[in-house]
Structure formats: C-alpha cells, structure tokens
Amino acid sequence: MSVPPHSTIHYLVHLAGPINGLVIFLAPPILRSFALQHGSVQLIWFILAACIPAFFTNVMYWVDFAWPWGLSIIGVFVWWWTGVDEEYDTLRRKLICGCYLLHGARMGFGAVVMIVSGTWNWRVKDLPRYQFQKIRVETNGGSWNMLLMQKEILMQCMANSSILFLPCFLCAIDTTADLSPVEIAGYATWVLGWSVESIADGHKLAWMATPKAKRTAAFCNTGMWNYSRHPNYFGEWVAWNGLALAAVMPMLRFGGEWGYGLSEDVGRVGLAFMLCFISLSLYYCLSEWTGAVPAEYFSVQKRKGYDVYMQTTSMIIPWFVSDSATSASGIVKRGRTRSKAPQPSTKNVRTPSKGKKSQKKSQKADTPAYIRTISRSGRAATPSRKKMEALGFSPPPASAKVATPGRRSVRKRTVNTPA
C-alpha cells in the first residue's frame, strides 16, 4: 500500500497555526496572560512526560501519555487560575473544567495501563501510527531523526497551548448566571461524544478479549465498529465540537481592549475562527495525521479482509454498511468476509479409480443383509434356506446369483438351494 498524499486540509492546518498565534498576541491582556502562563505549564509537562522519554527510548508513543493528561491539566489550571475571584464561581466554570478533567483522564489512565502492562513496549517497536510518520517522511525524500520526532511531540503541546484551551478559558471567565440553550446543547454534545468514544473502546476491548478461534474476522468489526472503522475517533471529534459549541455564547460576551486598536467585533471574529479551527484540526489529526490513515496503512497489509472492510464501512462517521461488495479477497456482506468458492468444471473430468478399501466398502454395501449378518470371520458364507428362514430373511430363488465379498477378491457364484 502506497503512502497517500497530503490533502488540502493538511495545508490549511499549517496555515492556521500562525493565525491562532496572532489572535492570542492581539487579544486582551487577560487572555494573553493566561495563554502565557498555561503554555509554560504545558511545555514543562510535555518535556518531562514525552520529550525526554522519547529521546532515551527512540519511540514516540510517550506523546499518547502526555497529550491526554495535558487536557486534564487545562481543566485543573483554569480552575485554579479563575479560583482567585469569587465572581467566576459559576456552574459554567464547574461544568467546563469537569469536562476537560474527565476527557483527559479517561485516555490518560488508558495510556498508563498500556505502559504498565507492557502492551506498549519501547524495546520492541513504536506504535503503528508513529512508524507511519517515519515512512511518510522518508517517502517524501526526507530523513527521520530525533529532531523531527521532538517536533511532532511539541506540535501536540502547541495544540494544547493554543486552541484546545480556548473553550475552557472562555466558559470559565463568563460570569453570566444562566446557561443559554446553545451552551446546554454544547455540553449535551460533549456527553454524547464522550459516551460514544467510551462505548467504542469497550467494544474493542471486548473483541480483544475474545479467543481468536471465536472471532469472525482478523479485525474488530463488531458493535459500533460494524458501522465505522474508527468510531472512537468519531466520538472524540464530536466531543470537541460540543466543547467548541458550548463556548460560542461566552465568546460573544467576551470583551476587552484588543491590541493595536482592534475593535471587539474584529477580535470576536478571530476567536470564532479559533473555535471553528478546533473542529477542523481535530478531524485532520484523527483522520490523517496520527489517526485512521496511519493505522490502516498497516492494517490492510496484516489483517486479511481489511481491504474489503475499507470498501464497505465508513472511515470516521458511522454509516450503514454496504450490503455487498466484491474484491480480490472475497464477498462481503454486513461487514463480514466470506471467501468466494470457485465452481469447478465437470467437463472432461475423469473419475479416479477406487482403491482396495473403497472397493471393499462398496462391495460390503451391496452384499445382502442376511449374508452380512451371518458372516463374522471376514468371509461371506452361503447360509442354508432353513438358517435364513430362522433369521427372518426371505431366501433367494433357485439359481440366484449373490455377490459374496471375500478378503482379497470378489466373485459371483450360483447358490444352489434345496428344492
């Protein structure tokens, strides 16, 4: 399988990074101050939890441990930073900080279990999605090295420090008492996405615990995985859309003096761009950067029938499975693979001759029942008429030819019965 080229969204993501930095630089002092302090905390955390371990182990999966706990750090830091003023002690602040804490802790504890149990073993190899990063760089003519590895890690640190903290910050400093319908819809969307991601991970763990002999395929295609190849990524994306939606009304109420004389309306346009960019960047990350495309690059090579699964099942957004699709691997219906058995031609086919054992079996089947009953020594003896009548058999007519199988050969002889 060849490495797919970058899509248009890849270049939009890299273009939007400087724009986000400019918005934060021109933002009111309260936002600039928070971004600077929080960014310093995230940088220290990523250096300790991901950069240093990756330097000594030469694997990147440490970022899967650092990034989710970085989300929990956002919730804790915002709670602490806004806790100095009783004015910010609102239900909105409790909800948004709780969402960030739970969102990161669920994935963070999962990463801890993987590392402690040895499932992620740096002595063996890196995770497939980070192996793919190396292949992608080398395919484009580059050379994978430690500097590029550290750059990939710090890009996820930058995501936590630039756009992903914004919904939490905007909601926490909004002192409006009541929640608007838009905010309620945003928190409900987060609950939906978080639940979908948790259920999808549960289905995957249940499949992994199933013995291989009882699995219907070489990959998980049960539960939510029957409608999406990556339903956990879909849940993650929906959850972040919910957090961005919950921050829309606080963003519209956010005020302050923007730099270089920019009006508040222009500043809100910049913040709205950042909130929209959350959805765009998360989808790119989950589909192309470190999500579906890198994982499927290896799955289609190692798991039989995965190429057909890709044809019949949606990648991220769950959808109905195609009723049927054909490929070189076989026939697929409802996401399950069946091999297409060839139909052999019966023309000019020569029937093979039977061996001695098969001849004996066929001869034994053709032997009359009364002879098989009486003969116990391996030879079929011809019984007398009285003997046959005593056993309840009808004796054959005079001069009847009866096939009596012997040990080495079969011959036909005439049974002479008394008149």
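The dialogue below takes up the overall fold, the helices, the salt bridges, the cysteines and the surface.

Student: On what basis are the values computed here?

Tutor: This is a predicted model, so numbered that residues count from 1 along each chain as its sequence is written; local features need pLDDT of at least 70, side-chain atom pairs count only at pLDDT 80 or more, and totals for chains, interfaces and linings use all residues. Side-chain values use heavy atoms, with hydrogens and water left out.

Student: How many helices and strands does the protein chain have?

Tutor: Helices (H or I, at least four residues) and strands (E, at least two) are DSSP runs, numbered from the N terminus. By that reading, the protein chain has 16 helices and five strands.

Student: What share of the residues counts as buried?

Tutor: Buried means under 20% relative accessible area, exposed over 50%, and partly exposed in between, with a 1.4 Å probe and protein chains only. In this case 42% of the 419 residues of the protein chain count as buried.

Student: What share of the contacts joins residues 24 or more positions apart?

Tutor: A contact means heavy atoms within 4.5 Å. Among contacts in the protein chain with a separation of 6 or more, 74% are between residues 24 or more positions apart.

Student: How is the length of a helix checked?

Tutor: The expected span of a helix is 1.5 Å times one less than its number of residues. Helix α3 (residues 63-82) has 20 residues and should span 28 Å; its end C-alpha atoms are 28 Å apart, which agrees. Helix α9 (residues 231-246), with 16 residues, reaches 23 Å from its first C-alpha to its last, close to the expected 22 Å.

Student: Are these helices mostly covered or exposed?

Tutor: Helix α9 is mostly covered, with 14 of its 16 residues buried. In α3, 16 of the 20 residues are buried, so this helix is largely enclosed by the rest of the structure.

Student: How many salt bridges does a search of the whole structure find?

Tutor: A salt bridge is a side-chain nitrogen of Lys or Arg within 4 Å of a carboxyl oxygen of Asp or Glu. The search of the whole structure finds 11 salt bridges. One of them joins Arg92 to Glu183, with the closest N and O atoms 2.4 Å apart. This pair links distant parts of the chain, since Arg92 belongs to helix α4 (residues 91-117) and Glu183 to helix α8 (residues 181-209), 91 residues apart.

Student: Are Arg92 and Glu183 buried or exposed?

Tutor: Arg92 is buried, with a relative accessible area of 1%, and Glu183 is buried as well, at 0% relative accessibility. Arg92 and Glu183 also belong to a network of salt bridges with Asp174 and Arg253. Not counting residues up to four places away in sequence, Arg92 touches several residues, including Cys171, Thr175, Tyr187 and Pro250.

Student: Which residue forms a salt bridge with Asp201?

Tutor: Arg106 does, the closest N and O atoms being 2.9 Å apart. Here too distant parts of the chain are linked: Asp201 is in helix α8 and Arg106 in helix α4, 95 residues apart. Asp201 is partly exposed at 22% relative accessibility, and Arg106 is partly exposed with a relative accessible area of 22%.

Student: How far apart in helix α11 are Arg268 and Glu264?

Tutor: They are four residues apart in helix α11 (residues 264-289), and are therefore separated by about one helical turn. Arg268 and Glu264 form a salt bridge, with the closest N and O atoms 3.1 Å apart. Arg268 counts as buried at 17% relative accessibility, whereas Glu264 is partly exposed at 33%.

Student: How many disulfides are found?

Tutor: A disulfide is a pair of cysteine sulfur atoms within 2.5 Å. A search of the whole structure finds zero disulfides. For Cys168, the nearest cysteine sulfur is that of Cys97, 4.2 Å away. Cys168 is buried, at 0% relative accessibility.

Student: Which residues form a nonpolar patch on the surface?

Tutor: Patches are made of residues with over 30% relative accessible area and no salt bridge; like charges are joined within 9 Å, and nonpolar side chains (Val, Leu, Ile, Met, Phe, Trp, Tyr) within 5 Å. Accessible areas come from the Shrake-Rupley method with a 1.4 Å probe, and for residues only the protein chains shown count as cover. The patch consists of Leu43, Ile44, Ile47, Leu48, Ile52, Phe55, Phe56 and Leu154, with about 780 Å² of accessible area together. Helix α2 (residues 29-57) gives the most to this patch, with seven residues. Leu43 lies in helix α2 and is partly exposed, with a relative accessible area of 38%.
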